[in-house]
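Hi,

Here is the structure I promised to pass on to you. Please open it beside this email, so that you can find each residue as you read.

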Amino acid sequence: HSSKNDLVRRLRNVVEALSDEAVEPNSPDYPGLGGLASVLVDDRYLNHRDKEVRLHTVLACMEIFAVYAPEPPWNEQEILRVFVQMIRQLANLSHCTSPASANYDHYTNILHQLAEVKVGVVLVELIRSLDPSGTSSQRDDFSGEEETSREEATEVLCDLIRTIIHCINIEHPAEVFMNAIEAVAACIDEFYNNTPIPVLDEILAPIGAGPVVYVTNPAAVAAAAAINEQKKKRGKKGGASVVTIKMPPEQIQQANQSYRVAAGVLRKTEDRISNSVANLLNGLLAGDALIVDQTNISSADAPSSASNKSSTSDVWSIIYELHKISTQVLTTVIGNLAPLLLNEDTSKRIRVTKLLGSLFCSPSSNIAFKYRICFRKWLGRHHDAEVKVRMTMVKQLTAFMERKAQERELCEEVTETLIKMMGNDPDKAVRIECVH
């Protein structure tokens with residue numbers, strides 16, 4: 001090709017031609033379609049030094065996915081290479097928030113294809129076709145090609161899901177937000193109740209971060225620049241540097257869009273993903289070495305393992321946030337928390353006591369009523385041997401009385417427990433705390 005602009009123009013024409021619904025694979029009307037698909041995954045295009053060429057190559061590949069759905073015309077390694085470049089392009093959506101942004105339509109189109117055509121399912125099918133040893137039932141079809149492992153395909157899928165969840169900005173329109181949920185949900189649905197742990201990590205990590213995050217305050221950045229400018233001017237005049245600008249907070253709260261996308265995925269795939277999530281959480285609570293080794297979610301039972309990974313969330317915060325999103329996921333998890341109230345590790349008993357207390361006190365749930373046996377076992381921690389646990393109980397019990405006053409029957413049990421602690425607890429500080 002004579003120039004980069006000429007190449008981009010040709011690729012645009014290819015994208016436009018492939019978007020025609022009349023295009024069909026293996027049709028005599030389109031004899032060069034297979035050859036075109038092979039050319040697009042060549043490094044000369046897919047990894048071209050120019051970003052516009054790479055972007056339009058990915059757009060053309062997205063159309064090839066749609067035309068050949070559900071089986072793309074590439075081998076395993078070629079499929080992964082297309083997805084790697086697709087992910088790089090999609091990540092740019094995080095700072096393109098309106099049609100006025102450069103290439104906004106192209107980036108949103110990639111996400112739309114992932115949602116509408118369910119392109120991500122190709123990776124799920126690839127993972128399922130590979131057994132843990134990395135061999136494939138179709139391996140003979142790709143003789144001479146570099147072998148693809150299941151771990152490699154899973155890693156690319158995790159990168160895709162992570163990018164989709166985190167590229168959504170608070171300023172994006174609702175359609176972009178919904179497409180992100182649809183694109184990830186399509187992949188989860190295809191796993192049929194057996195979602196791999198690394199994939200679960202990508203969905204649960206933003207849940208554990210909570211619905212609100214702290215971000216840099218633009219006003220603080222502007223104020224800091226103005227203060228520096230003011231100091232420079234004072235310095236030139238030789239006078240004392242007196243700052244007259246008031247510095248706003250360095251960070252402000254903002255809705256966590258990644259949390260919202262992940263929560264939307266969990267709600268949409270609740271029937272398919274619940275068992276997998278519950279098995280992961282229960283395994284972490286039990287300290288199951290096999291599960292702990294596969295996840296980046298931290299737990300008190302595995303500090304050494306978790307410290308060797310880039311842990312971004314913990315099982316306790318995830319469980320708490322899940323009760324606001326999908327109580328179905330926690331059906332077996334709540335019951336498995338109860339035995340941990342008797343754990344020999346004091347720090348773990350405190351964690352469990354706090355978590356259950358927060359769940360029982362939550363205004364958005366009736367967990368205390370629904371899991372009555374667990375609630376009463378929790379009340380039994382009022383006579384724990386450790387003062388820290390008993391003090392934790394007092395604070396949680398008083399919070400329950402304030403937030404769940406309408407639950408008269410449960411409040412009676414809480415009141416009886418507080419009276420026992422106020423009259424019988426051996427620690428004076430605990431007895432005083434009971435008087436609320």
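Below is what I found in it, from the whole chain down to single residues.

First, some ground rules. This is a predicted model, in which local features need pLDDT of at least 70 and side-chain atom pairs count only at pLDDT 80 or more, while totals for chains, interfaces and linings use all residues. Residues are numbered from 1 along each chain as its sequence is written, and side-chain values use heavy atoms, with hydrogens and water left out.

**The whole protein**

The protein has 23 helices and two strands; these are DSSP runs numbered from the N terminus, with helices (H or I) of at least four residues and strands (E) of at least two. Its C-alpha atoms fill a box of roughly 90 × 75 × 40 Å along the principal axes. Of the 436 residues, 49% count as buried (buried is under 20% relative accessible area, exposed over 50%, partly exposed in between, with a 1.4 Å probe and protein chains only). Among contacts (heavy atoms within 4.5 Å) with a separation of 6 or more, 68% are between residues 24 or more positions apart.

Buried residues of α18 include Ile350, Leu355 and Phe360. The buried residues of this helix pack against α13 (270-286), α16 (315-325), α17 (333-337), α19 (367-370), α20 and α21.

There are six aromatic pairs in the structure. Rings of Phe, Tyr and Trp (its six-membered ring) pair if their centres lie within 6.5 Å; planes under 30 degrees apart are stacked, over 60 edge-to-face, and the rest tilted. Phe360 and Trp378 make an edge-to-face pair, 5.2 Å centre to centre with 65° between the planes. This pair links distant parts of the chain, from α18 (residues 346-361) to α20 (residues 372-379), 18 residues apart. Phe375 and Phe400 make a tilted pair, at 5.5 Å and 40°. That one joins α20 to α21 (residues 387-403), 25 residues apart. Ring pairs link Phe360, Phe375, Trp378 and Phe400 into a cluster.

Where is Thr97? Look in the loop between α5 (76-90) and α6 (104-116). Thr97 is buried because its relative accessible area is 15%. Its side chain has a polar contact of 3.3 Å with that of Glu171. (A polar contact is a pair of N or O atoms within 3.5 Å; within protein, one must be able to donate a hydrogen and the other to accept it, and residues adjacent in sequence count only if both atoms are side-chain atoms.) Beyond neighbours within four places in sequence, Thr97 touches Tyr104, Asn169, Glu171, His172 and Pro173.

**Cysteines**

Cys187 is buried, at 2% relative accessibility.

Happy exploring!
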